[in-house]
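Here is a short tour of one protein chain, written to be read with the model open beside you.

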Amino acid sequence: MKGLFDNIQSKSFVTYGILAVNVIMYLIMTFNGGSQNPWTLVYYGAKVNELIVLGEWWRLITPTFLHICLTPILFNSLVIYYLGSQLEYLIGHT
């Protein structure tokens, strides 16, 4: 007998969330100066060693969500979708 939460547990909502963040960040950067503009990249969290040393430790994480052009975001999204869905099914959402 299927439980109430079986359908929720079978969905890969964490994977979909990561995909959504990637696409949203790409669109925001594209509309705010272009994703290839170095100043835009730095503004949205590109890895700059000097800024990390000054305390902006979050710059170690945010570059994973930044993409310079359409090809990397397309291929990264495909990998995230297929691997993320499988991993989330195997090890859970957390």
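This is a predicted model: local features need pLDDT of at least 70, side-chain atom pairs count only at pLDDT 80 or more; totals for chains, interfaces and linings use all residues.

A residue is called buried when its relative accessible area is under 20%, exposed when it is over 50%, and partly exposed in between (1.4 Å probe, protein chains only). By that rule, Pro38 counts as exposed because its relative accessibility is 54%.

Residues are numbered from 1 along each chain as its sequence is written, and side-chain values use heavy atoms, with hydrogens and water left out.

**Overall picture**

The protein has 5 helices and 0 strands, where helices (H or I, at least four residues) and strands (E, at least two) are DSSP runs numbered from the N terminus. Mean pLDDT, the predictor's confidence in each residue from 0 to 100, is 85 for the protein, with 89% of residues at 70 or more. Confidence is lowest in helix 1 (residues 6-10), with a mean of 54, and highest in helix 4 (residues 49-53), with 94.

Of the 94 residues, 24% are buried. Among contacts (heavy atoms within 4.5 Å) between residues at least 6 apart in sequence, 57% join residues at least 24 apart.

**The nonpolar core**

In soluble globular proteins, nonpolar side chains tend to be buried together. Here, the largest nonpolar core has 6 residues: Met25, Met29, Leu41, Tyr44, Ala46 and Leu66. Such a core is a set of buried Ala, Val, Leu, Ile, Met, Phe, Trp, Tyr and Cys residues joined through side-chain atoms within 4.5 Å. Leu66 touches Met25, Met29, Leu41, Tyr44, Gly45 and Ala46, leaving aside residues up to four places away in sequence.

| Pair | Separation in sequence | C-alpha distance |
|---|---|---|
| Pro38 and Ile68 | 30 residues | 9.7 Å |
| Tyr43 and Met29 | 14 residues | 9.4 Å |
| Val21 and Leu66 | 45 residues | 9.7 Å |

Pro38 lies in helix 3 (residues 38-43), and Tyr43 lies in helix 3 too. Tyr43 counts as exposed because its relative accessibility is 64%. Val21, by contrast, is found in helix 2 and counts as partly exposed, at 37%.

How does the length of helix 5 (residues 70-91) agree with what its 22 residues should span? At 1.5 Å a residue, helix 5 should span 32 Å, and its end C-alpha atoms are 30 Å apart, which agrees. The expected span is 1.5 Å times one less than the number of residues. Helix 5 is followed by Gly92, whose phi is positive, near 100°.

The buried residues of helix 5 are Ile73, Ser77, Gly84, Ser85 and Glu88, and what covers them includes helix 2 (13-31). Ser85 counts as buried because its relative accessibility is 18%. The side chain of Ser85 reaches the backbone oxygen of Tyr81 at 2.7 Å. Leaving aside residues up to four places away in sequence, Ser85 touches Ser12, Thr15 and Ile80.

Technical notes:
A polar contact is a pair of N or O atoms within 3.5 Å; within protein, one must be able to donate a hydrogen and the other to accept it, and residues adjacent in sequence count only if both atoms are side-chain atoms.
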